[in-house]
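Hello,

Here is the structure I promised to pass on.

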Amino acid sequence: MPTTTPSTIPSTVRTELLDCIQVNLAVLADRYHGPDSHLVLGAVLRFRPGRLPETALPTVEPPVAQQVEECAARLGLTVREAATDLSGAGTAELAGDGGTVYAVGDAYGMPWLPYAGKRHMAHSFLVRRSGDRALVTDAYHNETRWGPAVPGRWTVGWDELPRVESAVRFAPAAGGVPRAAPAVDIEPPSAYLAAYEQCPDPGRAVEQLTVETWLLARSRGLHAAYRDRSGGPAGPEVEAHVRRWNELAVQAFITLRRLHRGGAGTGALLTRLAAALAADSEVFGGARAAANP
């Protein structure tokens, strides 16, 4: 079982605004480049959905490998050494005597998370040696149906770590975090909304919308935080819009629970989602980008 140890997660990391892939890259960025460096991940407010391969529903969540590569570049992190498909022993070898490894694996096998043994999903963590054991740092922060995921550090045996899909030892880039001006890159959401409205499996649609609205809400909060740091303090309109997105994420979760009990479908949720997406450009400014071909 994991043993909890005192946390060394930088207090500046806005864990409540980051997803489970971003958050541990953010820890490295603030550790290497200074407080609030990770907020650059919110510089561009982007809405350009891709497709889920298993259902063909649209999603704003990028493929994991792409997200790690893009986020690391934005955060001024360069790859020192990398490997794929590692057991706990392989991760230990990559960590060496003092290096920190950024790893992505299946949350189902991570004993420090409430998802352990309950849900399969890609999740990141940081790990280095502590004697003959692994010292895991995970800054992920979320309320789940199985209890809270809270930032912290845990000591576990290397054989308790899940097999990881990818593992990287990052180094700080010489130039630090690249400068970025706040920007908006939003394509029209009509095709995105229509795909969920027309989905033949309402339960599957709402289940995915709980993920979508959660990601969208966090990204809007992160963008507002970056604008605030960049000299454009968030006014009442921005704060109200971020609250609106957070309330929408809660509504999606409630809609899913009601649907499982035979309740209403996606109509009201999609209406509010359409309104929130339409308001993004109005609140944050910037021209809408043309739709992807």
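Predicted model: local features only at pLDDT ≥ 70, side-chain atom pairs only at ≥ 80, totals over all residues.

Residues are numbered from 1 along each chain as its sequence is written, and side-chain values use heavy atoms, leaving out hydrogens and water.

The chain has seven helices and 13 strands (DSSP runs: H or I of at least four residues for helices, E of at least two for strands, numbered from the N terminus). Its radius of gyration is 19 Å, close to the 19 Å from the globule rule for 293 residues, so the chain is as compact as a globular protein of that length (taken over C-alpha atoms; the rule is 2.2 Å times the number of residues to the power 0.38). The C-alpha trace spans about 55 × 45 × 35 Å along its principal axes.

Of the 293 residues, 50% are buried (under 20% relative accessible area, 1.4 Å probe, protein chains only).

The largest nonpolar core holds 54 residues (buried Ala, Val, Leu, Ile, Met, Phe, Trp, Tyr and Cys joined through side-chain atoms within 4.5 Å). Helix α1 (residues 22-33) gives the most to this core, six residues. Among the residues with the most contacts inside the core are Trp112, Phe125 and Val136. Beyond its neighbours within four places in sequence, Val136 is in contact (heavy atoms within 4.5 Å) with residues including Trp112, Phe125, Gly152 and Arg153. A second, separate core of 29 residues includes Ile186, Leu270, Leu273 and Leu277.

Best wishes
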